[in-house]
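Trainee: I'd like to learn how to read a fold, its core and its pockets. Can you walk me through one?

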Amino acid sequence: MVEAVIIYTDGACKGNPGKGGWGAWLHYKGHEKELYGGEQHTTNNRMELMAAIQALETLKKSSLVELHTDSSYLKDGINKWLVNWKKRGWKTANKQAVKNEDLWRRLDLITKNHEITWKWVKGHSGNYGNDKADSLANKGVDSLSG
């Protein structure tokens with residue numbers, strides 16, 4: 001049986017829009033990796049997307065992945081909305097441009113390399129992996145100067 005790479009992701013924003021950070025904690029066969037980064041002017045949803053993108057882009061080969069997020073936007077976007085956005089030429093059901101299209105396209109591309117199970121977790125509820133990702137996302141915000 002192939003063991004899955006376990007990933008927890010989170011985004012954070014001080015103001016929305018405002019200074020933002022993303023964080024990801026990866027666990028595979030007893031090894032851990034922490035990733036984080038930030039942007040000066042962004043939104044929480046963009047940081048949620050960046051966390052997943054950065055985590056998946058760090059994987060060196062096609063992998064079985066269990067990705068945990070506390071973002072309904074990310075989970076629903078990837079599992080429910082993406083297929084129809086693409087069919088409609090990156091328009092919503094209301095014929096509006098898809099917000100964060102650049103990141104959704106990037107995420108769509110990287111997900112093709114992996115077999116991913118997307119799992120929603122309740123944020124700030126004592127889940128170790130989610131708390132770790134949240135801490136890393138805040139570290140991403142704190143890493144920005146000014």
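Mentor: Of the 146 residues of the protein, 47% count as buried, where buried means under 20% relative accessible area, exposed over 50% and partly exposed in between (1.4 Å probe, protein chains only). This is a predicted model, so local features need pLDDT of at least 70 and side-chain atom pairs count only at pLDDT 80 or more, while totals for chains, interfaces and linings use all residues. Residues are numbered from 1 along each chain as its sequence is written, and side-chain values use heavy atoms, leaving out hydrogens and water.

Trainee: How many helices and strands does the protein have?

Mentor: The protein has 4 helices and 5 strands; helices (H or I, at least four residues) and strands (E, at least two) are DSSP runs, numbered from the N terminus. From the N terminus on, the order reads β-β-β-α-β-α-α-β-α.

Trainee: Next, the core. Which residues have the most contacts inside the largest nonpolar core?

Mentor: Here's the general idea: in soluble globular proteins, nonpolar side chains tend to be buried together. A nonpolar core is a set of buried Ala, Val, Leu, Ile, Met, Phe, Trp, Tyr and Cys residues joined through side-chain atoms within 4.5 Å. The largest one here has 30 residues, and the most contacts inside it belong to Ile7, Leu56, Val65, Leu67, Trp104, Leu107 and Trp118. Helix H1 gives the largest share of this core, 8 residues.

Trainee: What is Leu56 in contact with?

Mentor: Contact means heavy atoms within 4.5 Å. Leaving aside neighbours within four places in sequence, the partners of Leu56 include Ile7, Val65, Leu107 and Trp118. There's also a second, separate core of 5 residues, with Tyr8, Trp25, Val121 and Ala133 among them.

Trainee: And pockets: which residues lie nearest the centre of the largest pocket?

Mentor: Rolling a probe the size of a water molecule over the atoms shows where empty space is left. On a 1 Å grid over the protein atoms alone, a cavity is a set of points where a 1.4 Å probe fits but cannot get out, and a pocket is an open set with protein on both sides within 12 Å along at least five of seven lines; lining residues have an atom within 4 Å of a point. The largest pocket is lined by 16 residues, with Val5, Tyr28, Leu59, Lys60 and Ser63 nearest its centre. Strands E2 (18–28) and E3 (31–42) are the elements that give two or more residues to that lining.
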